[in-house]
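Welcome! Please keep the structure open beside you as you read.

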Amino acid sequence: MASIDKRSRKSWRARVRIPGHEDKTRSFNTRAEAQEWARITEAQLRSGVDTIPDAAAEPTLAQALDWYLEQETPKKKGKAGRPVSGILDKISQLCRDVKTKSRRYRCLGSKGGKNCKKSWAYPRNRLRILKHACHCPHLPANLRAEANNLRSDESPGAILEKLETSAWERTVASTQETNAHGTKRPRLDSSTMDNISNAQPPPLDILVGETGRKHLQAQLNLAIINLICAACLPPTLVDYAEWKKLFTIANTRYHPMSSTTLVDDHIPGQAARVRKMTIEYLKTQFDLTVSYDGATTK
Ligand SMILES: [Zn+2]
């Protein structure tokens, strides 16, 4: 059976419903076109032909955009325009504040019908969103893990390890010419640089160049985080002029971080790294006992 509905001044929708076949619908500009299509479609369906393309078979705008995002966007070089933020778009969404009408980003976490109420000012701060995503109970576990991995990879400890690995590889490359037995690479830890310096003088760029400055920055950042966390010192300590003076006197190449960077970036990043390393370590152990501390909230 065919029916024609008027959708708007210039849109007529024809619908054909025949038992045993999928419903066919299509929109036209005039009633006559809609009637003609419905007549032919009904006749073809009744005669057993079911190959007429219908509206549902054509991609919607949303489907076309999804396809473009999946197939075409990765081919773009991405040098111009808005940078692709990947995980941030999975965690946060642009919205408007109901009262002030100002633009904000809200957490996309929803679980058991309840939505996460967390939102951030526009433009979004990547570190704050990642910090929330590492713990948000409303986000799916895989997104939480992705956020934790990202934070861990960007933590001061990970940065230091990367710098030390490349410094070690350069040193090994320069010693291999003189050392016929080759050098067994030791386990990397904070004393690796000491071992390298004991073995032979460090490369010149470590001593005076940009690599050396980055290495010093990374080492001191990590040492400060460890001190502040271990001694339960307030992170605002690093904002004091007296604190900054300390580094001006000791070494002019170090730029002290702000307490915001410390609280929003370095400490949560390092915590994510410690969690990841703990899990990696536990994976190598046997006969583990899992216990649950019901008193803690996180
Ligand atoms: Zn959330």
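## Cys 232 and its loop

Cys 232 is exposed, because 6 other C-beta atoms lie within 10 Å of its own. You can find Cys 232 in the loop between H9 and helix H10 (241-250). Its phi is near 55°, a positive value in a residue other than glycine.

Before going further, please note that this is a predicted model, in which local features need pLDDT of at least 70, side-chain atom pairs count only at pLDDT 80 or more, and totals for chains, interfaces and linings use all residues. Residues are numbered from 1 along each chain as its sequence is written.

## The chain as a whole

How many helices and strands does the protein chain have? Its secondary structure comes to 11 helices and eight strands. These elements are DSSP runs numbered from the N terminus: helices are H or I runs of at least four residues, and strands are E runs of at least two.

Of the 298 residues of the protein chain, 19% count as buried. Contacts are another way to look at the chain; two residues are in contact if their C-beta atoms, placed from the backbone, lie within 7 Å. Among the contacts with a separation of 6 or more, 50% come from residues 24 or more positions apart.

Let us move to an open sheet of three strands, ordered E1-E2-E3 with antiparallel pairing. Two strands are said to pair if DSSP finds at least two bridges between them. E1 and strand E3 (24-28) each have a single partner strand and stand at the edges, so one side of each has no neighbour in the sheet. From one strand to the next, the twist averages 20°. Helix H1 (residues 31-46) packs on this sheet and touches E1, E2 and E3, and its direction makes about 15° with that of E2. For such angles, axes are lines fitted to C-alpha atoms, for helices over the stretch in contact, and the angles run from 0 to 180 degrees between N-to-C directions.

E1 and strand E2 (residues 11-16) pair in the antiparallel sense over six bridges. Across this pairing, Lys 6 stands opposite Trp 12 in E2. Asp 5 lies in strand E1 (residues 2-8). Is Asp 5 buried or exposed? Asp 5 is exposed, because 12 other C-beta atoms lie within 10 Å.

## A hairpin and a cis peptide

Strand E4 (residues 92-96) and strand E5 (residues 103-107) also form an antiparallel pair, with five bridges. Gln 93 stands opposite Arg 106 in E5. Six residues lie between the strands of this hairpin, and there Lys 101 takes a positive phi near 65°. Lys 101 counts as exposed because it has 7 C-beta neighbours inside 10 Å.

Further along, the peptide bond from Tyr 122 to Pro 123 is cis, with omega near -5°. Pro 123 is found in the loop between strand E8 (119-121) and H4.

## Two helices that cross

The axes of helix H4 (residues 126-133) and helix H11 (residues 259-283) come within 9 Å and cross at roughly 45°. Where do they meet? Leu 127, Arg 128 and Lys 131 in H4 meet Asp 264, Asp 265 and Pro 268 in H11.

## The nonpolar cores

A nonpolar core is a set of buried Ala, Val, Leu, Ile, Met, Phe, Trp, Tyr and Cys residues joined through C-beta atoms within 7 Å. The largest one has 11 residues, including Leu 160, Leu 222, Ile 225, Val 238 and Leu 262. Helix H6 (156-176) and helix H9 (210-230) are the elements that give two or more residues to this core, and H6 gives the most, with five.

Not counting residues up to four places away in sequence, Ile 225 touches Pro 156, His 266, Ile 267 and Gln 270. Apart from this core lies another, of 10 residues, among them Cys 107, Cys 134, Cys 136 and Ala 272.

Notes
Buried ≥ 20, exposed ≤ 12 C-beta atoms within 10 Å, placed from the backbone.
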